[in-house]
Every structure is written in structure tokens, then in C-alpha cells.
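I opened this structure for a first look. These are my notes, in the order I made them.

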Amino acid sequence: MEDRVCVRVKVLPPFTANLKGIETVLRLEKDSSLLDLFNEANSHGILRVESIIDGDKIRENVVILVNGRTTFDLKPVSYTHLRAHETV
């Protein structure tokens with residue numbers, strides 16, 4: 001069984017330096033958290049993680065969608081969620 005899963009990520013300004021936004025696919029471990037996803041996107045220059053995370057909390061006025069639903073915390077994302085297309 002595959003230990004990694006592909007996650008579609010879409011980041012819009014002002015959370016990326018790209019004025020048009022960025023959409024890409026990242027490969028993550030099955031038991032990855034949203035913070036893991038954000039850090040991976042940050043390491044690829046896709047997302048400015050400091051613009052959305054303050055310590056271990058999502059900053060106020062930041063909207064994060066996972067499978068079309070708003071999420072409010074950085075708990076681990078289930079394999080089912082990661083298998084679907086995700087929007088950040």
C-alpha cells in the first residue's frame with residue numbers, strides 16, 4: 001500500500017507571492033496534518049506559512065477549505081480527505 005498520497009493545493013493571494021495564485025499537487029504521508037501540508041507548500045515556495053499560522057493556530061480572518069468545507073484547526077487530516085482534491 002502506498003505510504004504517500006497526492007494532495008491538490010490551491011493558494012490565493014495574499015498567502016502566496018504569486019499575484020494570480022498557485023495550484024499544484026504535493027505528495028504527503030497518509031497521516032499528515034494540515035500544518036504538514038502548509039510546511040510542505042512553504043518549502044516549495046507556494047505558500048507563506050507565516051501569513052496563515054500563528055504558533056499552532058490558524059490566524060484570524062484566514063479561510064481554509066478542505067474538500068469544500070471550512071476547517072478551523074490543524075488536526076491531522078484523514079487519508080480519505082487527502083485522497084480527494086483539497087483547496088487551501
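Predicted model: local features only at pLDDT ≥ 70, side-chain atom pairs only at ≥ 80, totals over all residues.

**Entry: overall layout.** I looked up the secondary structure and found two helices and six strands. Along the sequence they follow the pattern β-β-α-β-β-β-β-α. The chain has 88 residues, and 35% of them count as buried. I then checked the contacts with a separation of 6 or more; residues 24 or more positions apart account for 46% of these. The chain exposes about 5700 Å², and carbon and sulfur atoms supply 50% of that area.

**Entry: helix α1.** I turned to α1, which spans residues 34-43. Which of its residues are buried? I found L34, L37, F38 and A41. Seen down the axis of α1, the buried residues fall within an arc of 95°, so they line one face of the helix.

Entry: What caps the N-terminal end of α1? I found S33, with a side-chain oxygen 3.3 Å from the backbone nitrogen of L35. S33 itself lies in the loop between β2 and α1. Is S33 buried or exposed? Its relative accessible area is 13%, and buried means under 20%, so S33 is buried. After α1 comes G45, and I noted its positive phi, near 75°. For background, most residues other than glycine have a negative phi.

**Entry: the core.** I looked for the largest nonpolar core and counted 18 residues in it. Which residues have the most contacts inside this core? They are L37 and F38.

**Entry: a peptide bond to remember.** Most peptide bonds are trans. Where did I find a cis one? It joins P13 and P14, with omega about 10°. I placed P14 in the loop between β1 and β2.

Methods:
Residues numbered from 1 in each chain as written. Heavy atoms only, no water. Buried < 20%, exposed > 50% of the residue type's maximum accessible area, 1.4 Å probe, protein only. Helix = DSSP H or I, 4+ residues; strand = E, 2+ residues; numbered from the N terminus. Arc of directions from axis to C-beta. Polar contact = N/O pair within 3.5 Å; in protein donor to acceptor, adjacent residues only side chain to side chain. Core = buried A, V, L, I, M, F, W, Y, C linked by side-chain atoms within 4.5 Å. Contact = heavy atoms within 4.5 Å. Areas by Shrake-Rupley, 256 points an atom, 1.4 Å probe, with all protein chains shown as cover.
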